[in-house]
Amino acid sequence: MSMILSASVVRVRDGLPLSASTDYDQSTGMQECRKYFKMLSKKLSQLPDRCTLKTGQYNINFISSLGVSYMMLCTENYPSVLAFCFLDELQKEFITTYNMMKTNTAIRPYCFIEFDNFIQRTKQRYNNTRSLSTKMNLADMQTEIKLRPPYQISVSELGSANGFSHVPVGLYKGTGKISAAPHQRLEPVTLPGIVSFVLSLLCGALNLIRGFHAIESLLQNEGEDFSYVIAFFLGTAACLYQCYLFVYYTGWRNAKSFLTFGLICLCNMYLYELRNLWQLFFHVTVGAFSTLQIRLRQPQGKSPDYNV
């Protein structure tokens, strides 16, 4: 008989269990799957946001979004379309019920255990597929699964249930080839973000123009200081790099943005003799504003209303 057996909600960054369905099955197979649950929980941050682990007669499916992962255990013949739709419903309800501040600051395991009531009700509905026939568009879900199938985790990647083996789980298996994990997207651009991007380009253009003027002055007057030219062009590079950090995700992105802002401040301190206070204030303020917008535009979690 195909059915959902249990489900749990886990924090991605450290594997802390936030909630879980009450499970009374103590069979050997279920005990083994619980071990796999724990092993997966420790590696969620290294895995794609939609995965399946097949362990013989049972399947473990999970989705991750906004720092929280929703995991479920079902029999091997349970339809994957319904399994991921079940997880999607848990996700929507959990996001609606609890804000991110609570989930990020939670310390005790199962501190949202009352969510088990919703898990049990939803599990009963999904185990009675007749009650779902009029509430779902199966064609849309099947299309989504076909276009973006879940990443298939092998048991060998996790190691045995009694011990870990060293396997690079950061690799993503696509169409038979092993490739890097999908490129991380950033959150949608906001109006303040667009303003900061345009102002950074403007500051970069102003520095570039002043740099060329400094070169002309240097060629005409041998006594001019070449270091001013370097300062202007460094300021240009820093402004353009802030634009790049705002648009694209890179490793250590926040740290790079702060270092870039520091370079902007140093360049303007060095150029204080060539600029008035308002010009210095404008360039430093734009740099600070751009750094803030880079910090606020974080990597995008999976949208809570996507179709599965």
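How are α8 and α10 oriented relative to each other? Point 4 takes this up, after some remarks on confidence and on the annotated spans.

1. Overall confidence. This is a predicted model. The chain has a mean pLDDT of 81, and 81% of its residues reach 70 or more. Confidence is highest in helix α10 (residues 277–296), with a mean of 94. It is lowest in strand β8 (residues 178–180), where the mean is 37.

2. Residues 160–183 have pLDDT below 50.

3. Annotated spans. The unreviewed UniProt entry carries the annotation "transmembrane region" for residues 189–209, 229–248 and 255–272. For residues 229–248 the figures are 95% helix and 0% strand, with the end C-alpha atoms 29 Å apart.

4. Helices α8 and α10. Helix α8 (residues 226–247) packs with α10 at an angle of about 20°, and their axes lie 9 Å apart. Angles under 35 degrees count as roughly parallel, so α8 and α10 are roughly parallel to each other. Their crossing is left-handed. On the α8 side the contact involves Gln242, Leu245 and Phe246; on the α10 side it involves Gly287, Ser290, Thr291, Gln293 and Ile294. Sorted by class, the residues of this contact are three nonpolar and five polar, with no charged residues.

5. Helices α7 and α8. Helix α7 (residues 191–220) also packs with α8: the two axes come within 8 Å and cross at roughly 160°. Angles over 145 degrees count as roughly antiparallel, and α7 and α8 are therefore roughly antiparallel to each other. This crossing, too, is left-handed. The contact of α7 with α8 comprises 18 nonpolar, nine polar and one charged residues.

6. Summary of the packing. Helix α8 is roughly parallel to α10 and roughly antiparallel to α7. What is the class make-up of the two contacts? That of α8 with α10 has three nonpolar and five polar residues, while that of α7 with α8 has 18 nonpolar and nine polar ones, plus one charged residue.

Methods
Residues numbered from 1 in each chain as written. Predicted model: local features only at pLDDT ≥ 70, side-chain atom pairs only at ≥ 80, totals over all residues. Heavy atoms only, no water. pLDDT = per-residue confidence, 0-100. Helix = DSSP H or I, 4+ residues; strand = E, 2+ residues; numbered from the N terminus. Contact = heavy atoms within 4.5 Å. UniProt positions renumbered as here; feature names shortened; annotations may be inferred. Axes fitted to C-alpha atoms, helices over the stretch in contact; angles between N-to-C directions. Parallel < 35°, antiparallel > 145°, perpendicular 65-115°, else oblique. Left-handed = near helix turned anticlockwise from the far one by under 90°. Nonpolar A, V, L, I, M, F, W, Y, C, P; charged D, E, K, R; others polar.
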